Amino acid sequence: MNLVDVFDTLLPKGLLTYKKIGSKASLPKRVAAEKKDKQNRQGVLFAVREKAHFANGQVKGYILTSKESLLEDAGALSHFTPNVYRYGTYSDEKRSFIKGFSEENLQQINTFVVDIDTKRHTVNDLLLACLDESVGLPTWIIESDRGYQLYFVLETPLFITNKENFKGLKVAKRISDNIKRSLKCVDADIYCNDFGFFRMPTIENVKYMELQNTYTMHELIQWSMRRDDGERPLFVVPTQKVQDLTRTDWFDALIHTTNIKGQSGIIGRNNTLFTLALIGFAEGWEVERTENFLDEFNSRLDYPMNAADLKSTLNSAYSGKYSGPSKEYVESLLAHHVKNGDSFTVSFGNRAWYKFKKEREDRTRSHYDEWEQDIIEYITAEKQISGPFIWRTQKELCEAVGIAQSSLNELLKRSKQLIKTVTGKGRGAKTGWTTVTLFLQHVMHELQAAKARYRHLVVAMVEETVAELEPVAGFSELQAKLVKLLRTAPSVTHERQQNSSG
């Protein structure tokens, strides 16, 4: 893996190519790059060295202005902002804490990132989910301490302006929301910040990479609109106004719930306090009134927030970045923390909210769709480990699923999921059935097994050669680096276990 290619794909424009001071590039290269850089506006990225540097409402880190600096520092960084901001500053005299990574300061969006906060799913599971349920394969997948992050990189960056009240940003946020929702089957965190800090790609943590898997905004918009199915417009539109959100039954139920504690994938106490602060802001309360209200509510909680974080939450709600609370967040808080929370109807009055796309089983499907799903479930259940196909005559398949042969023939003309093959001739002919998903899964298992066998041979060859080396001065240095290099090579035994379990 070459990090230069990774960051060239992620950042075709937006950062200086080389550092202005102290660059290691030759003068001709710097001159040529400077001419090219002047064709586009240059912004900044933010970076931190440790996850612990996100604390108490402040971020300890520094500002990057060139790809050269990014490449030099990548190995020592834990998180960065893969999307470019217009500017960045420091909030203290020692230049330790950074600020400027707010959405209204975004200059360009380079990638959509999905956070999977669990390792219950394999990389292959994630890839198949992307193919089956989402927009397509990611550009790369990064392993984190607790899960994975999937990068869907844009072919050309989306530049953000304040025209039409940041219309481009709103469209991007809807696309990001739809990508995350499409991957809920693999526990995607739909509440993760759309364009914040994410894991820094390194040689060690990138578990999958296909740099040609990039997307245009046009195809993402078209995909997002198809997924919404006309039920969610891109923007919130005005309607009648509710005079006081604090007089609604859902608000009363929320503030009388004290056992609120978040967990992985479920919003909790922090989001509750932030939502209540936004309600105060939306209702026109003075900061002091909202602060007193939050302090009183927080003191009743079984797991209260500390004073510094509470103050930071209040300041964020009143920063002007938000127009009011999120209906979706309120509904999620009620569902997870309030008794019979699903029974409340949440309405904000001055915004029209639209229902999300119905689940597949709630829609009216044609009989062909139903038969196709029945056949897919049957093939999946009957498939053996040895290959992607089940071998049944057409009559046997029809009898098992309960479909007429004429209907099956028509379905095979329409279906984009079913695959059929015939081997042999006459009485010796066999008919095989599989699905696109099962066939791709089989191919990926075979690819991984082949890679494992190849790496095993390389490791054995290296170990045999090293055993014959004389232990001169450079021997220990070579041995240490080889151990680190070969540590990531999977064993054939491990790969066979994965294939057997598949």
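Colleague: What is the mean pLDDT of the chain, and what share of its residues reach 70 or more?

Modeller: pLDDT is the predictor's confidence in each residue, from 0 to 100. The mean for this chain is 81, and 86% of its residues reach 70 or more. This is a predicted model, in which local features need pLDDT of at least 70 and side-chain atom pairs count only at pLDDT 80 or more, while totals for chains, interfaces and linings use all residues. Residues are numbered from 1 along each chain as its sequence is written, and side-chain values use heavy atoms, with hydrogens and water left out.

Colleague: Over which residues is the pLDDT below 50?

Modeller: Residues 235-243 form one such stretch, with 21 contacts in the model beyond near neighbours in sequence; contact means heavy atoms within 4.5 Å. Residues 350-366 are also below 50, and that stretch has 40 contacts counted beyond near neighbours in sequence. Where pLDDT is low, the predicted coordinates should not be read in detail.

Colleague: Is Ser176 buried or exposed?

Modeller: Buried means under 20% relative accessible area, exposed over 50%, and partly exposed in between, using a 1.4 Å probe and protein chains only. Ser176, at 2% relative accessibility, counts as buried. Its place is in helix α5 (residues 167-182); helices are DSSP runs of H or I with at least four residues, numbered from the N terminus. Leaving aside residues up to four places away in sequence, Ser176 touches Phe112, Asp194 and Phe195.

Colleague: Which residues of helix α14 are buried, and why are they on the same side?

Modeller: In α14 (residues 405-414), the buried residues are Ser407, Leu408 and Leu411. They cover an arc of only 100 degrees around the axis, which puts them on the same side of α14; the arc is that of the directions from the helix axis to the C-beta atoms. The face turned away from this buried side carries the exposed residues Ser406 and Lys413.

Colleague: How do the axes of α4 and α15 cross?

Modeller: Axes are lines fitted to C-alpha atoms, for helices over the stretch in contact, and angles run from 0 to 180 degrees between N-to-C directions. The axes of α4 (residues 123-133) and α15 (residues 436-466) come within 11 Å and cross at roughly 150 degrees. Among the residues that meet are Leu127 and Leu131 in α4, and Leu440 and Met444 in α15.

Technical notes:
Helix = DSSP H or I, 4+ residues; strand = E, 2+ residues; numbered from the N terminus.
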